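Q: I have a chain open here and would like to go through it. Can you start me off with the terms as they come up?

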Amino acid sequence: MTRIHDMGGRFGDGPVQPEREDGPVFHQDWQARALAVTLAAGALGQWNLDRSRHARECLSPQDYAAFSYYEKWLAGLADLLVETGLLSRDELRQASGSAASGASPEALDPRALRSAKVAGALAKGSP
């Protein structure tokens, strides 16, 4: 059984075009922000790396085929935020920045990835 994300070796998708080694890490500013918010949300400890990858792999085939790499990350993140009760679908739609309806901010606060800790967290890596 294969799913849309398991596209390796399929015929008709064209050649893989690797990025130049000296090329930009991000092609647009929003892509860097998408990665940053995904990593920061992951630091809250409500899911692990495997669950995050699974969320991206469970996107509908139509979305998976149409979304860019970082759009897939944001869509998977949105699903995880709702599944864990950190945000509701309405809060995501409104993008209001209002308090989360599920987990209490006080319970998540000790795990929040503050800007002063970002460099150390990235240097440390993860299991």
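A: Helices here are DSSP runs of H or I with at least four residues, strands are runs of E with at least two, and both are numbered from the N terminus. Serine 52, for one, has its place in helix H2. This is a predicted model, where local features need pLDDT of at least 70 and side-chain atom pairs count only at pLDDT 80 or more, while totals for chains, interfaces and linings use all residues. Residues are numbered from 1 along each chain as its sequence is written, and side-chain values use heavy atoms, with hydrogens and water left out.

Q: How many helices and strands are in the chain?
A: The chain has seven helices and zero strands. Along the sequence the pattern reads α-α-α-α-α-α-α.

Q: Back to serine 52: buried or exposed?
A: Serine 52 is buried, with a relative accessible area of 10%. Buried means under 20% relative accessible area, exposed means over 50%, and partly exposed is in between (1.4 Å probe, protein chains only).

Q: What is serine 52 in contact with?
A: Leaving aside neighbours within four places in sequence, serine 52 is in contact with Trp47 and Leu80. Contact means heavy atoms within 4.5 Å.

Q: Which residues in H2 are buried?
A: Ser52, Ala55 and Arg56 are buried in H2. Seen down the axis of H2, these buried residues fall within an arc of 100°, so they line one face of the helix. The arc is that of the directions from the helix axis to the C-beta atoms.

Q: And what do the buried residues of H2 pack against?
A: They pack against helix H3 (61-66) and H4.

Q: What about arginine 51, what does it touch?
A: Arginine 51 also lies in helix H2, and counts as partly exposed at 33% relative accessibility. Not counting residues up to four places away in sequence, arginine 51 touches Gln46, Leu80, Glu83 and Thr84. From C-alpha to C-alpha, arginine 51 and leucine 80 are 8.4 Å apart in space, and 29 residues apart in sequence.

Q: Different topic. How many salt bridges are there?
A: The count comes to five salt bridges. A salt bridge is a side-chain nitrogen of Lys or Arg within 4 Å of a carboxyl oxygen of Asp or Glu.

Q: Which one involves aspartate 50?
A: The side chain of aspartate 50 forms a salt bridge with that of arginine 53, at 3.4 Å from N to O. Both residues lie in helix H2 (residues 49-57), three residues apart, which is about one turn of the helix. Aspartate 50 is exposed, with a relative accessible area of 52%, whereas arginine 53 is partly exposed at 35%.

Q: Where do arginine 89 and aspartate 79 lie?
A: The side chains of arginine 89 and aspartate 79 meet in a salt bridge, 2.7 Å from N to O. This pair links distant parts of the chain, with arginine 89 in helix H5 (residues 89-94) and aspartate 79 in helix H4 (residues 69-83), 10 residues apart. Arginine 89 counts as partly exposed at 38% relative accessibility, and aspartate 79 counts as partly exposed at 21%.

Q: And arginine 20 with aspartate 22: what distance, N to O?
A: That salt bridge has 2.9 Å from N to O. Arginine 20 is exposed, with a relative accessible area of 59%, and aspartate 22 is exposed, with 60%.

Q: Now the helix pair H1 and H4. At what angle do their axes cross?
A: The axes of helix H1 (residues 29-42) and H4 cross at roughly 30° and come within 9 Å. Axes are lines fitted to C-alpha atoms, for helices over the stretch in contact, and angles run from 0 to 180 degrees between N-to-C directions.

Q: Which residues meet there?
A: Trp30, Gln31, Ala34, Leu35, Val37, Thr38 and Ala41 in H1 meet Tyr70, Glu71, Trp73, Leu74 and Leu77 in H4. The residues of this contact divide into nine nonpolar, two polar and one charged. Ala, Val, Leu, Ile, Met, Phe, Trp, Tyr, Cys and Pro count as nonpolar, Asp, Glu, Lys and Arg as charged, and the others, Gly among them, as polar.

Q: Last one: where is glycine 45 found?
A: Glycine 45 is in the loop between H1 and H2, and counts as partly exposed at 35% relative accessibility. The C-alpha atoms of glycine 45 and arginine 111 are separated by 7.1 Å, and the two residues are 66 residues apart along the chain.
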